[in-house]
Amino acid sequence: MRPEFAEKRLREMQMWFARDFGMGLAGRLRKRLTLPFLFVAAGLCAMAMTSPARADFRVCNATQNLVGVGIGYRAKAGWITEGWWHIEGSTCKTLIEGPLSSRFYYLYAEDAERGGRWDGPINMCVAEKEFKIAGVNDCVARGFQRAGFQEYDTGEQASWMVQLTDEPATGGAPNAPAPGTNSQ
């Protein structure tokens, strides 16, 4: 190594030594903790920015009674109906977690205490107990019950919420939602 480069390198090392060890314990700790803290902070920010927004299909029960809910949707393998979700009064429950994959979803609900229902004109299959049924045809012949589901056009949104309100309709007519809402 040439002498001028060796001297330059020696001066750099002396400056580093004086700067690092001349600042005291607090300064050295601050310097050693700053870089890892910045990496952790940058990582948390990156995770927060890349985390997807919560998306799902939720049903809120705005009544004071327990409600049983079934949902129908078109999957890759065909039509599926699922139930029962038991939703206590004044609470919400997620029926489908994650971004919605269909545009149309179908809902049927029964008031477990008063016997009313929220239904519609689309016939699908349900069962007495917890169920997941493939297909919507020949419900009775296959040992299921037939129920009228209300259609919800989500407009291909990633998330949707339906609110069940008091005075459920009986006899097949759903409650009329207020303009611009998903309430039933």
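I began with one polar contact (N or O atoms within 3.5 Å, one able to donate a hydrogen and the other to accept it, with sequence neighbours counted only if both atoms are side-chain atoms): a polar atom of the T81 side chain lies 2.7 Å from the backbone oxygen of C125. The model is a predicted one, in which local features need pLDDT of at least 70 and side-chain atom pairs count only at pLDDT 80 or more, while totals for chains, interfaces and linings use all residues. Residues are numbered from 1 along each chain as its sequence is written, and side-chain values use heavy atoms, with hydrogens and water left out.

I then looked up where T81 sits, and found it in strand β3, strands being DSSP runs of E with at least two residues, numbered from the N terminus. T81 is buried at a relative accessible area of 0%, where buried means under 20%, exposed over 50% and partly exposed in between, with a 1.4 Å probe and protein chains only. Leaving aside residues up to four places away in sequence, I listed what T81 touches, including M124, C125, F131 and F149; contact here means heavy atoms within 4.5 Å.

Next I followed C125 to its disulfide, a pair of cysteine sulfur atoms within 2.5 Å. C125 is joined to C139 with the sulfur atoms 2.0 Å apart, and the link is left-handed, with -85° about the S-S bond. I noted that C125 is in strand β7 and C139 in the loop between β8 and β9, 14 residues apart, and that both are buried.

The count comes to 2 disulfides, and I looked up the other one: C60 is joined to C92, S to S 1.9 Å, in a right-handed link with 105° about the S-S bond. Because C60 lies in β1 and C92 in β4, this pair ties together parts that are 32 residues apart in sequence. C60 counts as buried at 10% relative accessibility, whereas C92, at 34%, counts as partly exposed.

Last, I checked the largest nonpolar core, which has 20 residues, with L107 among the members that touch the most others. Such a core is a set of buried Ala, Val, Leu, Ile, Met, Phe, Trp, Tyr and Cys residues joined through side-chain atoms within 4.5 Å.

Technical notes
Helices (H or I, at least four residues) and strands (E, at least two) are DSSP runs, numbered from the N terminus.
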